[in-house]
Amino acid sequence: MVENQKISLVKASKFKCMNQAFVILLNKYNLWKFLNPNYNVQNLTTLIAAIAATGGLLFGFDTGIINVALPTLRPAFNLTPDLESWVVSAVLAGGMVGPFVSGPLTDRLGRKKITIIASLVFVLGSIIVAVAPTVTFLIAGRLMLGLAIGIVASTVPLYIAELAPKESR
């Protein structure tokens with residue numbers, strides 16, 4: 001496969017596990033070269049590590065975004081200062097519990113599976129926060145977000161370290 005060659009959606013049908021959005025993304029950023037088995041393994045490793053490292057962005061995003069959301073949440077949920085502090089600190093509390101949960105699970109299931117599970121917990125927490133009918137659901141969703149962040153914060157660095165070739169560790 002030539003690096004500059006664009007693969008159409010029709011030709012990409014042989015990649016049955018890929019959906020159309022993924023194929024469009026690969027075409028847009030010319031990432032097909034990474035699927036070539038003859039491509040440099042170090043570059044592929046760098047790409048996988050960069051994607052895995054984006055998990056660290058979750059912590060900063062979720063702890064910072066609440067500052068923007070609070071003016072809207074106060075009247076919507078009639079937040080008192082006490083409830084407001086619970087909503088804000090729920091992510092941090094979940095983030096403290098996450099590494100303790102991920103340790104034993106990572107030993108049993110492996111870093112890759114735990115990272116995928118944490119991503120699913122993050123998606124579920126995001127959905128709960130987005131459709132929260134009460135403050136209790138809002139806090140529970142933010143606790144789930146914190147749990148996922150804590151798991152990712154302790155698991156992803158290990159996964160990236162194991163992914164790196166021995167000579168570059």
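**Figure 1. Length of helix α5 in the predicted model.** Helix α5 runs over residues 111-130 and holds 20 residues, which should span 28 Å at 1.5 Å a residue. The structure shown is a predicted model.

Figure 2. The buried residues of α5 are Arg111, Ile114, Thr115, Ala118, Val121, Phe122 and Gly125. They lie on the same side of α5, because they cover an arc of only 115° around the axis. On the face turned away from this buried side, α5 carries the exposed residues Lys112, Lys113, Leu120 and Ala130.

**Figure 3. A nonpolar patch at the surface.** Phe61, Ile65 and Val68 make a nonpolar surface patch of about 300 Å². Phenylalanine 61 is placed in helix α3, which comprises residues 55-77. Phenylalanine 61 has a relative accessibility of 52% and therefore counts as exposed, since exposed means over 50%.

**Figure 4. The setting of these views in the whole chain.** The secondary structure of the protein chain consists of 6 helices and 0 strands, and along the sequence these follow the pattern α-α-α-α-α-α. Of the 169 residues in the protein chain, 33% are buried. Among contacts in the chain with a separation of 6 or more, 63% join residues 24 or more positions apart. The accessible surface of the protein chain amounts to about 10,800 Å², and carbon and sulfur atoms account for 68% of this area.

Conventions
Residues are numbered from 1 along each chain as its sequence is written. This is a predicted model: local features need pLDDT of at least 70, side-chain atom pairs count only at pLDDT 80 or more; totals for chains, interfaces and linings use all residues. Side-chain values use heavy atoms; hydrogens and water are left out. Patches are made of residues with over 30% relative accessible area and no salt bridge: like charges are joined within 9 Å, nonpolar side chains (Val, Leu, Ile, Met, Phe, Trp, Tyr) within 5 Å. Accessible areas come from the Shrake-Rupley method with a 1.4 Å probe; for residues, only the protein chains shown count as cover. A salt bridge is a side-chain nitrogen of Lys or Arg within 4 Å of a carboxyl oxygen of Asp or Glu. Helices (H or I, at least four residues) and strands (E, at least two) are DSSP runs, numbered from the N terminus. Buried means under 20% relative accessible area, exposed over 50%, partly exposed in between (1.4 Å probe, protein chains only). Contact means heavy atoms within 4.5 Å. The expected span of a helix is 1.5 Å times one less than its number of residues. The arc is that of the directions from the helix axis to the C-beta atoms.
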